[in-house]
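Welcome! Let's walk through this protein together, one topic at a time.

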Amino acid sequence: MTAQLLTGAAEPVTDRTVVGENLSLPLFRTLSGVLAGHPYLKVVVDRAENTWHLLDTAAHPFHVNYIATRILGMDLTALDADLDAFNASVYMDPGRRFLLGVLSLHTEQVTDGRERTFLVLETTEADTMHGELLAFFYEFVRARVDGRLPLLLKPANHGQEEELAAISELCVPRILSHELFGSRARAPLNPGEATGRLRFFRTHDEYTAYAAEAGLGWADIVAMPCLPDDVPRVAGFLNTAPITPLSHTNVLASGWGIPNAIVRDLEQLVDKDGLDGAWVRYRVREDEISLERLDHEPDLRAPAWHQQRIRLEPPLLEDVPVLALHRLRSADSDRYGTKAANLGELHHVLDSRTADLTAFYGRPRPPREDLYGHLAARLGLNAPSLAELRAAAAAFVAATVGAPEGVALPFALQQHFLASSPALQQGIGKLKMALELDATDVLDSLCLQLQHLIRHTPVPESVTRQISQAFPAPADPRGRLVVRSSSNAEDLPGFSAAGVYDSVTTAHGADELLDAVRQVWASLLSPRSVRLRHQVGISLDDTYMGVIVQEYVPASLGGVLVTCDPTRREDFRNVYLNCSPGSPEQVVEGSVLPQQYLYNTVEGGGRTVALGSSGDGLSAATRTRLADLCLTGRLLQSHFSGSDVDRPLDIEWLMTDRGDFRLVQVRPYAL
């Protein structure tokens, strides 16, 4: 028994491309493929010949290949040798001969319950058609499509949206990307495949009650409106309410390599096919989400992560001072934690301007030898030398973003604190023994007792003195402070620990500062963090917590970006950005559904994916600033990703009331 949520299309055997014919719905279905659940058809309009080509999608996956070989008589070798110039001639030349686009077929419910079928015409994300060309493209296609089918133009990027703003919707009916896809019933979040038992919860209370009584295991696939950040490691996630690909739970899904998707009509499928508690095979791909009920319990083996062992570099616990963040480098992660060390490295990159931030663009992208020319165009340069390009990239990044000020508390301070209390030492000893004996039934109570002790044990005077001397008093003695975790057991390959440890964003004055530091220290021993580390072989003896202390900076806008498209792993062009008015914590914690944008860091341009809880888009000026921020993230990837320049970054950022960008966290994005 199968509940097929999204399906692909069968490939045709022969090329059935047609030229010059009017388009009927049967012809559309003959030529189309399926992407993200919607039938689609590639279109090429030849202005010189006043005709159009309807491409057989399976036979011609790329517009430019078809134009070059079938219309202009070129061979693919000649096209590849000059691909960027050819692309510019068909996507960016204002007087271009060819107009390239896609027609997709959609349905929507109308007021009386019937479905309305309509077509959407759009270009590619890098297309720079001006308003006159967009109107011509729409009118040309409209005249050749079955008049009974409504046709809407979807601008492919913010530039096209602005061009269309001057054209009446009566002349060019349109639909924006977030209007078309922002509320779609099904969307992939993290690709993958899993076989397990579906556990469906309609409310958070149902989930909490079941988890407390029966527990969730590695063979469970958890489905509910919005999964909590403290969900244990399981086989797969399903969300029945909209979330963003940058939510904590999807970062966990990515790091754990498990499938995750939004399926808003799952409850109907569960009720119809009796899926709750059933064994299922669950697949998530860019163009397919499937949930297949199995007739019998499968013979499952424990997943590979049960044998996975994460290796930590030995922490250094010798006495080192509390240091300002700008004095740290990445090598200091064994004393101050990964997060603090990365922020110190960011200060160094911005201040010294000596790092090569162009390496990502220097990697071959066949048939291109490199993307240096695209980077030069993004930076407004004309044929620079490589040295000039590197200098310009460093200057651009330093002018676009700043690193946060603050101090880092080393592991040694936590060690001195723990050693000062016999009760804490005794509790840690009991917890270690329980972990060695795999006595999971007592882990939670031991962890909670230890956390309570840590929060209420006095901090030794020597530790208090080091913190107070290193962190200058704010102008307002009750000024707001932000206290963040910086463990050596987070932001690691195979173990991101996103949302696992505490940060405190509302500490005021010296007393609350010490309370906040103890809360962050205590989060290292939460039941969830201990279990997650134990599952991957991270020893309690090797795990320590550094702390970052900063003055709070008011933000007009904040959020997270990742230097990839989380739902399309092969995409090397786009950076995915989430934001919301106010501090980035709202986005990180998932307390609001953020605005979502994609920015192309190769050819340029951006597009709106979803407007989130606010329901309003940002101004064109702010979107332009965000494009600069995304390009900065891509450039920083060249440095922070080490030898693998394609390894994306996860960056938490804010825009101050003055309009400046601050990066408050830089870490690898788990893929």
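## A pair of opposite charges

Arginine 97 has a relative accessible area of 33%, so it counts as partly exposed; here buried means under 20% relative accessible area, exposed over 50%, and partly exposed in between, using a 1.4 Å probe and protein chains only. Its partner is aspartate 46, and their side chains meet in a salt bridge with N to O at 2.8 Å. A salt bridge is a side-chain nitrogen of Lys or Arg within 4 Å of a carboxyl oxygen of Asp or Glu. Aspartate 46 is buried, with a relative accessible area of 1%.

This is a predicted model, in which local features need pLDDT of at least 70, side-chain atom pairs count only at pLDDT 80 or more, and totals for chains, interfaces and linings use all residues. Residues are numbered from 1 along each chain as its sequence is written, and side-chain values use heavy atoms, leaving out hydrogens and water.

How many salt bridges does the count come to? The count is 33. One of them joins glutamate 292 to arginine 281, with the closest N and O atoms 3.3 Å apart. Glutamate 292 lies in strand 15 and arginine 281 in strand 14, so this pair ties together parts that are 11 residues apart in sequence. Helices (H or I, at least four residues) and strands (E, at least two) are DSSP runs, numbered from the N terminus.

Glutamate 570 and arginine 568 also meet through their side chains, at 3.6 Å from N to O. Glutamate 570 is exposed at 52% relative accessibility, while arginine 568 is partly exposed at 31%. Salt bridges that share partners also link Arg202, Glu267 and Asp271 into one network.

Which residues of helix 17 are buried? They are Leu424, Gly427, Ile428, Leu431, Ala434 and Leu435. These residues cover an arc of only 120° around the axis, so they sit on the same side of helix 17; the arc is that of the directions from the helix axis to the C-beta atoms.

The buried residues pack against helix 16, helix 18 and helix 21, where contact means heavy atoms within 4.5 Å. On the face turned away from the buried side are the exposed residues Pro422, Gln426 and Glu436.

## The nonpolar core

The largest nonpolar core has 61 residues, and Leu431 is among those that touch the most other members. Such a core is a set of buried Ala, Val, Leu, Ile, Met, Phe, Trp, Tyr and Cys residues joined through side-chain atoms within 4.5 Å. Helix 20 gives the most to this core, with 7 residues.
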